[in-house]
Amino acid sequence: MNDRIHNFSAGPSALPTAVMQEMQEGLLSYRGSGMSVMEMSHRGDLFMGIIEEARTRIKRLYGLSDDYEVLFVHGGASLQFAMIPMNFIGEGQIAEYIETGTWSTKAIAEARIQNKGVRVAASSGDREFCYIPKVSDISADAPFVHMTTNNTVRGTQWHDLPDTGGVPLIADMSSDILSRPLDVSPFGMIYGGAQKNMGPSGTAVVILRRDMVEKIPQTLPTMLSYRTYVDKESMFNTPATFPIYAISLVTKWLEETMGGLAAVEAVNKRKAGALYTLIDEDDFYCGTADKASRSLMNVTFRLKDRELEPLFVEQSLASGLAGLKGHKSVGGIRASIYNAVSEASVAALCEFMNDFRRKHR
Ligand code: PMP
């Protein structure tokens, strides 16, 4: 497919070409049904098979036991920011939140809007969120500790989980879900919008430990209670059928083509390593995150001469490299190199960066 661009968009972002082709082949007639997945009943056998496959593959990739439910919830990751405090911060309880930039800050704000008990247990706001903070003294009474495993805007990522003394972790993994193997045991809940590592936008994937369900109050509106999604297997109303179909194909690709999460992580490390090595060669490019906190998913950097950044973005696009402009709140350059961004795309970016440096040094 020669007209596919090298896509470094932060989200929605690149999907595996093979997955797009498989969707294309079945677009008008899925498995000989004469209908598109978009056109069929969510309660029919064909779609029930699709959602079950998506669930099963996610469970297998993470090695989840039956203690965990895999749910598909509308409203993206941002709705989870609001649902988490409703579902899990009880009367008089104070939840611990770790603040590492834009998305964690929004999660905290959603709990505060509801007048819920919130404590910021650690923050890297003192240095513009360029590092992962140390976490200590988590209250044993806290219902959960909320963290964002990968900070899409700032380009930082947790490489070791914080010690919460047994308090369940709730993690926003929107931008690094399914990018590496995970010991799920400390997590009460994991969630992420689909549109970076899993499929198109339109649903969030929520992985919920069963003991968390018991804590959910009975008084919540039906669609805002995780219990509904557990009891009705994400089918209380019409789920986002096509995104879930895409997730079933992306997770199949992760298992069957990529060879599982350990293999995916090795590729992701090579991709990020190539870019960080180039950035560190001299001071023409400057990484924005502390080295120990650098993300394998979003590589953020500036040019020493910031006035050259618009030219960098313009010329990269002209060279077939899209989506490199940094988030509007921070500027600079960001290369999002999620699972579906190939090593060949990263090599093309490295070549462009070397070339640009040579010409503008
Ligand atoms: N959390 C993180 C880490 C994100 O990167 C994003 C989107 N960029 C969100 C949450 C918000 O996701 P959504 O648009 O699905 O609400």
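Visitor: Which residues does threonine 148 touch, leaving out those up to four places away in sequence?

Guide: In this predicted model, threonine 148 touches Thr100, Trp103, Ser104 and Asp172 once residues up to four places away in sequence are left out. Two residues count as in contact if their C-beta atoms lie within 7 Å. Threonine 148 itself lies in strand β5, which covers residues 145-148.

Visitor: How far apart are threonine 148 and threonine 100, in sequence and in space?

Guide: Along the sequence they are separated by 48 residues, whereas from C-alpha to C-alpha the separation in space is 7.2 Å.

Visitor: Why is threonine 148 called buried?

Guide: The word rests on a count, for a residue is buried if 20 or more other C-beta atoms lie within 10 Å of its own. Threonine 148 has 28 C-beta neighbours inside 10 Å, and therefore it counts as buried.

Visitor: What makes tryptophan 103 count as buried?

Guide: Tryptophan 103, found in helix α4 (residues 102-113), has 21 C-beta neighbours inside 10 Å. Since the cut-off is 20 or more, tryptophan 103 counts as buried. Beyond four places away in sequence, tryptophan 103 touches Thr148, Asn151, Thr152 and Asp172.

Visitor: Which residues are around the ligand?

Guide: They are Gly11, Gly76, Ala77, Ser78, Trp103, Thr148, Thr152, Asp172, Ser174, Ser175 and Gly193. Helix α3 (residues 76-88) gives the most to this shell, with three residues.

Visitor: Which residues does UniProt list for "binding site" together with Ala77?

Guide: The unreviewed UniProt entry lists, under "binding site", Ala77, Ser78, Trp103, Thr152, Asp172, Gln195, Asn237 and Thr238. These residues span 162 residues in sequence, and the farthest two C-alpha atoms are 30.8 Å apart, so they do not all gather at one spot.

Visitor: What makes the backbone at glutamate 128 and aspartate 137 worth a look?

Guide: Most residues other than glycine have a negative phi, and most peptide bonds are trans. Glutamate 128, however, has a positive phi near 50°, and aspartate 137 has a positive phi of about 30°. Glutamate 128 is in the loop between β4 (117-123) and β5, and aspartate 137 lies in the loop between β4 and β5 as well. Glutamate 128 is exposed, with 12 other C-beta atoms within 10 Å, and aspartate 137, with 9, counts as exposed too.

Visitor: Which kind of peptide bond joins glycine 11 and proline 12?

Guide: That bond is cis, with an omega of about -10°, and proline 12 is found in the loop between β1 (6-7) and α1.

Visitor: How do you know that the span of helix α7 is close to what is expected?

Guide: The expected span is 1.5 Å times one less than the number of residues. Helix α7 (residues 241-257) has 17 residues, and its reach of 24 Å from first C-alpha to last is close to the expected 24 Å. Its buried residues, including Ile244, Tyr245 and Leu254, pack against α1, α2, β2, β10 and α8.

Visitor: Why is the whole protein called as compact as a globular protein of its length?

Guide: The protein has ten helices and 14 strands. Its radius of gyration is 21 Å, close to the 21 Å that the globule rule gives for 361 residues, so the protein is as compact as a globular protein of that length. Of its 361 residues, 45% count as buried.

Terms used:
Residues numbered from 1 in each chain as written. Predicted model: local features only at pLDDT ≥ 70, side-chain atom pairs only at ≥ 80, totals over all residues. Helix = DSSP H or I, 4+ residues; strand = E, 2+ residues; numbered from the N terminus. Near = placed C-beta within 6 Å. Rg over C-alpha atoms; globule rule 2.2 N^0.38 Å. UniProt positions renumbered as here; feature names shortened; annotations may be inferred.
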